[in-house]
Amino acid sequence: MAPKEILKIENLKTYFDTWAGIVKAVDGVSLDVREGETLGLVGESGSGKSVTALSILGIVPRPGKIIDGKITYKGENLLEKTESDLQKIRGKEIGYIFQDPATSLNPVFTIANQMTEVIRRHQNVTKKEALEKAIELLRLAEIPDPEIKIWNFPHQLSGGMKQRIAVARALSCQPSLLLADEPTTNLDVTIQAQILQLMKNLKEKLGMSMILITHDMGVVAGVADRITVLYAGRVCETADTRTIFYNPKHPYTIALLIAVPSLALRREKLAVIPGTIPNLIEPPSGCRFHPRCEYAKAECAKEIPPLEEIEPGHFVACILASEIDMKSPLEAKANE
Amino acid sequence: MSKKPFLAVENLFKYFPIFSRGIFLKKQVGLIHAVDGISFSVNKGTTFGLVGESGCGKTSTARAILHLDPPTSGSIYLEDEEIGEVFKSKNRAEILKLRRKMQYVFQNPYASLDPRMTVADIIMEPLMIHKHVPKNKWHDKLYELLELVGLEDYHAERYPHEFSGGQRQRVCIARALAVEPQLLIADEPVASLDVSVRAQILNLLQELQQKLSITYLYISHDLSTVRHICHRVAVMYLGQFVEIAETEELFSSPQHPYTQALLSSIPVPDPEAKRSRIILPGEVPSPINPPSGCRFQPRCIYAKEHKCVENKPKLVNVGNGHLVACNKVS
C-alpha cells in the first residue's frame with residue numbers, strides 16, 4: 001500500500017579523519033524518501049543533516065569518507081557507482097540547493113552561464129535552446145524580467161533573487177529528487193515565506209520528491225509530509241509530521257518543541273535543554289542524548305538504543321519510549 | 001506618562017554618504033538613509049524591542065545611540081543627559097562615565113571576543129579602563145560575574161575557542177555587565193546560536209533584568225523571541241517606524257499591513273495551525289532612493305485606494321500607546 005521509496009539510506013556512516021581524532025558526523029543514519037513526498041530532516045548544527053545530504057551525492061568534502069552503509073536510489077546502490085556514473089545523477093536525477101545562495105553561485109560568471117552549464121551538461125541541446133530553457137526556468141521561479149536578469153552577475157541580485165536562481169538551477173533538468181539544505185536560513189522572514197511557497201508550488205507542479213533540511217520546526221511544520229529528527233549523527237525519531245508534533249516519543253523531539261519560543265505558545269520562562277551538543281569525536285556512550293535528557297536512566301548510557309517501530313510508520317530510538325509518558329506542548333495546548 | 005523615560009530618542013537621523021569610485025576626486029554621489037527620523041522612549045527596567053528585516057536600520061540605530069557611529073542629527077537622552085553634548089565636550093572623564101552606563105552585546109560571539117585573550121582578560125579589561133573597582137577586588141568581581149552568567153570559576157583561564165557559541169555569548173554578557181551598566185543593547189544576541197541553547201541565553205537575560213533591573217534595547221529580526229522577552233516593540237521598515245505598541249497589543253492586533261505580513265510569515269511549529277500567510281510581493285527597496293510617500297507603498301495592497309504614493313503617513317496614536325504610521329488606519 002505504501003508508496004514506493006525513491007531513496008533509502010541504511011546505516012550510513014560518514015566519518016571525518018582529522019588530526020584531533022575521527023569525527024563521527026553521521027553514525028548509522030537510516031531514512032527513506034517516498035515518491036512525491038517531502039521529508040523534513042531536522043536537527044541542530046552538527047547533527048549530521050548536511051553531511052547526510054552530501055553523502056547521497058558522493059560530494060562529502062575531504063577528509064570525510066563514507067565508511068559504511070547503503071544508499072539506494074531507484075533500486076541502485078549509489079555507493080557502488082563510479083564517479084562518472086554519479087556525475088550523470090548529480091543535477092539530473094538529484095538536484096541540490098545549497099544553504100547560502102551568496103556562495104553557491106560563482107561570482108565571476110553570469111547567471112546565463114551558470115544556468116546553461118547545467119542544462120547543456122545533461123541535455124543534448126544547443127546553446128540557444130539552453131538559454132531559452134534557462135529563461136523559462138527563471139520565469140517559473142517567478143523572477144521578474146528574466147530576459148534581462150539572466151545577464152546579471154550574482155552580486156547584482158539580492159539574496160532572495162539569488163536563492164530563486166539556485167532553485168531554478170536545481171530544477172533545470174527536472175530531477176526526481178531535490179535536496180534543499182537550509183534553503184531559507186539566510187533570508188528574511190517575508191522572503192522566506194516567498195521561497196517556501198515557491199518550492200511547494202514547483203514540487204507539486206513537477207511531481208518531485210524532496211528532502212528539506214532545516215533546524216526550524218516552524219518551516220517543516222508547514223512543508224514536510226514526514227519528518228526525521230537527527231541528533232549528534234543519529235536518528236532519534238521518524239514519523240509523519242502530525243505525529244512528530246502531536247505525539248512525539250523521543251525526549252529530544254519534545255525538548256526541541258518546548259525550547260523554541262513560539263508565537264502560539266507563550267510561556268513566562270522557556271524550558272531549557274541543559275548542556276550543549278556533544279563532541280562528535282568522543283560522543284557519549286549509549287544514547288547520545290542521555291547526558292542532557294531529563295528522563296535518562298542508568299541503562300541509557302550502556303547501549304545504543306535501536307530505531308524501533310512503535311506504531312506503523314513511527315520509528316523511535318529510545319529505550320524508554322514506551323515507559324514514560326511524554327506530552328507534546330501542542331497537545332497540552334489543545335487540551336486547555 | 002508622568003514618569004520620565006530612562007532612554008529617550010528624538011528624531012534620530014543617520015545617513016551614510018556614498019562616494020564615487022576612484023582614488024582622486026572622490027565625489028559624494030548619494031546618501032544611504034539608514035535611519036530616517038525615529039523617536040521612542042524606554043522606561044527603566046523594561047525591554048524595548050526593535051524588529052525589522054535586514055537592512056532596515058536596527059543596528060544603525062543602536063550604534064548611533066552609543067555614538068559608535070555618531071548620528072547625523074537628533075537627540076538622545078539618557079536620564080537627563082543629552083548623549084551628543086557629552087561626546088561633543090570631548091571630556092574624557094565624562095565620556096567614560098557615560099560609556100559605563102550603556103553597554104553593547106554584539107550579534108556574533110565568534111567575532112566579538114579576542115581569540116588571544118583569556119576569559120579573565122576579556123572580562124577584566126573594562127575594569128582596567130573604568131577603574132570603578134579597586135585593583136585588589138578585580139578577581140572577586142571576575143568570579144562574581146562568571147557566576148552571574150552561569151559559568152564556572154575554572155572557565156576564567158580558558159580561551160574563547162574552547163567554548164561553544166552559547167558559552168561565548170555568556171562571556172560577552174559578563175564583559176558588558178562588568179561596568180555595571182544601566183542600559184544594555186543586545187543586537188541579535190541569539191541569532192547565531194542553536195535552538196536548544198537560545199532558550200538558555202534568553203532566560204539568562206530575563207533573570208539578569210530581574211536581579212539588576214537593567215534596561216534592555218533588544219534588537220532582532222526574530223519575532224518569536226521578541227514576543228518572549230520584550231515589553232514594548234517597535235517595527236522598523238526602511239529606516240522608519242511603522243508601528244510601536246506594547247508587546248501583547250502588537251501581536252494580538254497588529255494595525256500596519258507590514259506588521260501583519262511580518263507576523264503571518266513566521267513559520268508556526270504546528271502542522272495544524274491555520275496558515276493564512278500574507279505573501280508580500282517584491283523586496284525591500286534600496287535605502288539610497290527610498291520610495292516617496294509611505295515607504296512600504298510599493299509592496300502594500302492598500303496603497304492605491306489611500307494614495308500612499310503622495311501622502312506620507314505619520315505615527316498616530318490609536319489608543320493605549322499604540323502608534324501606527326499608515327494612511328489606511330488614520
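Me: The C-alpha centres of domain 1 of chain A and domain 2 of chain A lie 28 Å apart. Into which domains is chain A divided?

Reply: Domain bounds come from an automatic or database domain assignment, and here chain A is divided into domain 1, residues 5-230, and domain 2, residues 232-335. Residues are numbered from 1 along each chain as its sequence is written, while chains are lettered from A and ligands numbered from 1 in the order in which they are written. Keep in mind that this is a predicted model, in which local features need pLDDT of at least 70 and side-chain atom pairs count only at pLDDT 80 or more, whereas totals for chains, interfaces and linings use all residues.

Me: How many residues does the contact take from domain 1 of chain A and from domain 2 of chain A?

Reply: Two residues are in contact if their C-beta atoms, placed from the backbone, lie within 7 Å. By that criterion, domain 1 of chain A gives 26 residues and domain 2 of chain A gives 23. On the domain 1 side, strand 2 (21-34), helix 9 and strand 9 of chain A each supply at least two residues, and the largest share, 11 residues, comes from strand 2 of chain A.

Me: Which way do the residues of strand 3 of chain A point?

Reply: In a regular strand the side chains alternate between the two faces of the sheet. Here Thr38(A), Gly40(A) and Val42(A) point one way from strand 3 of chain A, and Leu39(A) and Leu41(A) point the other way.

Me: Which strands of chain A pair with strand 3 of chain A?

Reply: Strands of a sheet pair through backbone hydrogen bonds, either parallel or antiparallel, and DSSP must find at least two bridges between two strands for them to count as paired. Strand 3 of chain A runs parallel to strand 8 (residues 209-214) of chain A, joined by five bridges, and also pairs in the parallel sense with strand 9 (residues 226-231) of chain A over four bridges. Gly40(A) has Leu212(A) as its bridge partner in strand 8 of chain A and stands opposite Ile227(A) in strand 9 of chain A.

Me: In what order do the four strands of the open sheet in chain B lie?

Reply: The order is 2-1-4-5, with antiparallel pairing. Strand 2 (28-42) and strand 5 (81-82) of chain B stand at the edges with a single partner strand each, so one side of each is left without a neighbour in the sheet. Strand 5 of chain B is joined to strand 4 (residues 73-78) of chain B by two bridges, and Glu81(B) is the bridge partner of Leu78(B). Chain B also has an open sheet of eight strands, with mixed pairing, in the order 6-7-8-3-9-10-12-11; its edge strands are strand 6 (102-105) and strand 11 (316-317) of chain B. Within it, strand 3 (residues 47-51) and strand 9 (residues 232-237) of chain B pair in the parallel sense over four bridges, with Val51(B) opposite Val235(B).

Me: How many residues of chain A are in contact with chain B?

Reply: 40 residues of chain A are in contact with 34 residues of chain B. Of the side of chain A that touches chain B, the largest share, seven residues, comes from helix 8 of chain A.

Me: Which residues touch the most other members of the largest nonpolar core?

Reply: A nonpolar core is a set of buried Ala, Val, Leu, Ile, Met, Phe, Trp, Tyr and Cys residues joined through C-beta atoms within 7 Å. The largest has 189 residues, and Ile211(A), Leu217(B) and Val235(B) touch the most other members. Domain 1 and domain 2 of chain A both give residues to this core, so the core lies between them.

Me: What is the mean pLDDT of each chain?

Reply: pLDDT is the predictor's confidence in each residue, from 0 to 100. Chain A has a mean of 86, with 95% of its residues at 70 or more, and chain B a mean of 88, with 98% at 70 or more. Among the elements of chain A, strand 9 has the highest mean pLDDT (94) and helix 12 (residues 329-335) the lowest (65). Where pLDDT is low, the predicted coordinates should not be read in detail. The model scores ipTM 0.76 and pTM 0.83.

Methods. Buried ≥ 20, exposed ≤ 12 C-beta atoms within 10 Å, placed from the backbone.
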